[in-house]
Amino acid sequence: MKRTASKATAKSATPSGDIRTGLAPATIARAFLDNLSYLQARFPSVATRNDHYMALAYTVRERLLQRWIRTAETYLQQQSRTVCYLSAEFLMGPQLGNNLINLGIYEEVREAMRSLGLDLQDLLDQEAEPGLGNGGLGRLAACFLDSLATLEIPSFGYGIRYEFGIFDQDIRNGWQVELTDKWLHFGNPWEIPRPEITFDVKFGGRTEGHHDADGNYRVRWIPHRVVRGMAYDTPVLGYKVNSANLLRLWKAEASESFDFHAFNTGDYYGAVMEKMVSENITKVLYPNDESPQGKQLRLQQQYFFASCALQDMLRLYFQRDKNFDGFHKKFAVQLNDTHPAIAVAELMRLLVDEHQVEWEPAWAITQKTFGYTNHTLLPEALERWSVPLFAGVLPRHLEIIYEINRRFLDEVRLRFPNDDERLRRMSLIDEAGDRYVRMANLACAGSHSINGVARLHSDLLKEGVLRDFYEFTPEKFNNKTNGVTPRRFLVLSNPRLTDLITSKIGDGWIKQTDQLRQLEKFAEDPEFQREWRAIKLANKRTLAQVLHHRIGVELNPDSLFDIQVKRLHEYKRQHLNVLHIITLYNRLRHNSAAELTPRTFIFGGKAAPGYFMAKLIIKLINSVAQVVNNDVAVRDRLKVAFYPNFNVKSAHKIYPAADLSEQISTAGKEASGTGNMKFTMNGALTIGTLDGANIEIRDEVGHENFFLFGLTTPEVNEARSRGYSPWDYYNGNPALKEVLDQIHSGFFSPEQPDLFHSLVDHLLHHDTYMLLADYASYIACQDRVGEAYRDTKAWTRMSILNVARVGYFSSDRTIREYCQDIWKVSPVSIELGTR
């Protein structure tokens, strides 16, 4: 299969023979051998697969750096307004394949490797995935960087260079086991260390007031510890452009890494203690924050990268300007959820304490600089820190937040006099019981824009968790529905479908996804349908082979591939999916001749290490799989598989193979979701509730091409207000009762019959996410899915129309809206020229 080669604009600007920048296959092969010798210090006959991967990665990186250097030059010359995206997560995924796509040299590199007796796919498989994110939040940030570069928007991504990312997941005896993610074990060829770009970050200690020479009151922070942040840069190239923007991640180091005096007195541990304590800050993505020490470390992480980022912005700003009045005109800073919200207080500290800007102008600059994106509707997920913990880590920032709060609440009083309850809710400090600093409130007060990430989500923010802020400053609120990059999640992940689409409508859709609408005219074309089905079947066979190799389960590619891959959480309701599997299993047990569309259920996703119920759901999935897959009476009609260690790399195989996408969260709980968009982009049909971006997907693809079930958000709220009783549903539905009784009895866990008692008991006594209320509707809808799948032509037509109408959910569209409505930033075209 030949992947469509892109004609990158950069290609014509570079002499084909330049070993560092040339794009012809022969030139790439020469550069590869050169890097194998002089960077990997290997000759071909002894080189390992990793040597080959590293040599190729360096060869591609050279071509990125040519564009990156020219981009940086242009931005400096033009003093371009720059977007700075602050995120605790950047789940970038493997870089090699994506960079080949964006450079437009995928086929050239394949040919170059073939000429050297190497298989490009083997080298792509060798790349370790940097697990610098937990799920949708980090992957969204990565999609945004891709789109920012593709749209030629000057931008930085700022985050943390975690030494160990999100854990690798192994499944042992059906349970999740967390293993260390050693993504840096063989090195990272894409990053460039910047030891000359470092900043001191203070922690703990105390503050002292004093008067400066002009008699102005100032505050001096005397820290207990100073940690140094060092920059590591990764170029992010756009598609068919020369723009290469920057992802700058920060690593924590000790200001003094070795204490000779301690060493010479025999205190060998003390000699390196400062190094160990400092480096712990960027050691692990999201340390378990059940303990006070874990909470402290997480707050330190958030402040560390926010402070480094802002100090870096000031460094860049001072290259051309010394007047702070223009800082917010130079930088548009977006807070990706509440993790970097401490940046509001930190910018105030830098301006007021370090650069002696008066409070009022400093606050005006701060508010004009920041925008805040909220990603959750769960009140418990809105970050807050206990005041004693906060004071111990960031004493000066607590003082600044108190002052922000005092002035802010004075403004609220003027607007809403005699409304103490409103003041209590909007305060940056939660005074009820133990006192807490509310980071979402700080972000709202300190930003000029507050956005949700789906139409429903933004509406619910204004009606619920942020209602007071909306009523106070409605002009700040707006919606920016999420999107995903088609370059990674269709062009790279699904080359067969990419080639078919391009053969019919050209390749302009890769940047202008609204052009996919042209596929509608082929939706009922018999030959096009045949090719479409053949591609889907080939993708399913590929996934089946991978899963057979990984977990030893044989899957039937001709069956309906029903897939749910996402972070494990009760509100995402993977266990509702399991109830359906058991329901189908029971039908076949009771009547082996029952009409049933053969199905393969595939799950994937990680549970937070401290989230017992989510880990128990993983165990339930695997326990049900053990029973179903080994029952000879149903094994040709039902199969269940759990794909271990779901990540971006495995997603490349999973999304293209899906027939049905499970987006079944409780209505009103999912902010947006982006997995739903990736499935739709690859031709899967969706079964889902009216939650998150499902609503907009359904509106775009057509209600008739979406399988809808379940309570709406108002109905969920009404059921709760009436006094929701799960027992009524249990007693009123024999099929549901049988399923829950089986789980509770130990039918799926004979070695430990009471294993799932806590799960079933929670459903019967609480059912926080209303599985039982939605069960009957879900089962009926799944029956419609099975029936629809048997009509091959109609199903194929729906699949084609889903792809044809998915264009709105490109992250390019989302970024255009951010640029126009929030950031007020324009594209800057990059010309390579000659040097």
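Reader: How many disulfides does a search of the whole structure find?
Author: The search finds zero disulfides, a disulfide being a pair of cysteine sulfur atoms within 2.5 Å. For Cys 308, the nearest cysteine sulfur is that of Cys 84, 14 Å away. This is a predicted model, in which local features need pLDDT of at least 70 and side-chain atom pairs count only at pLDDT 80 or more, while totals for chains, interfaces and linings use all residues. Residues are numbered from 1 along each chain as its sequence is written, and side-chain values use heavy atoms, with hydrogens and water left out.

Reader: Why does Cys 308 count as buried?
Author: Its relative accessibility is 0%, and buried means under 20% relative accessible area (exposed is over 50%, partly exposed in between; 1.4 Å probe, protein chains only). Cys 781, at 0%, therefore counts as buried too.

Reader: What makes Phe 144 and Tyr 818 an edge-to-face aromatic pair?
Author: Rings of Phe, Tyr and Trp (its six-membered ring) pair if their centres lie within 6.5 Å; planes under 30 degrees apart count as stacked, over 60 as edge-to-face and the rest as tilted. The centres of Phe 144 and Tyr 818 are 5.6 Å apart, with 65° between the planes. Phe 144 is buried at 0% relative accessibility, and Tyr 818 is buried with a relative accessible area of 0%.

Reader: Why is the pair of Tyr 158 and Trp 250 called stacked?
Author: The ring centres are 6.3 Å apart and the planes stand at 10°, so the pair of Tyr 158 and Trp 250 is stacked. Both Tyr 158 and Trp 250 are buried.
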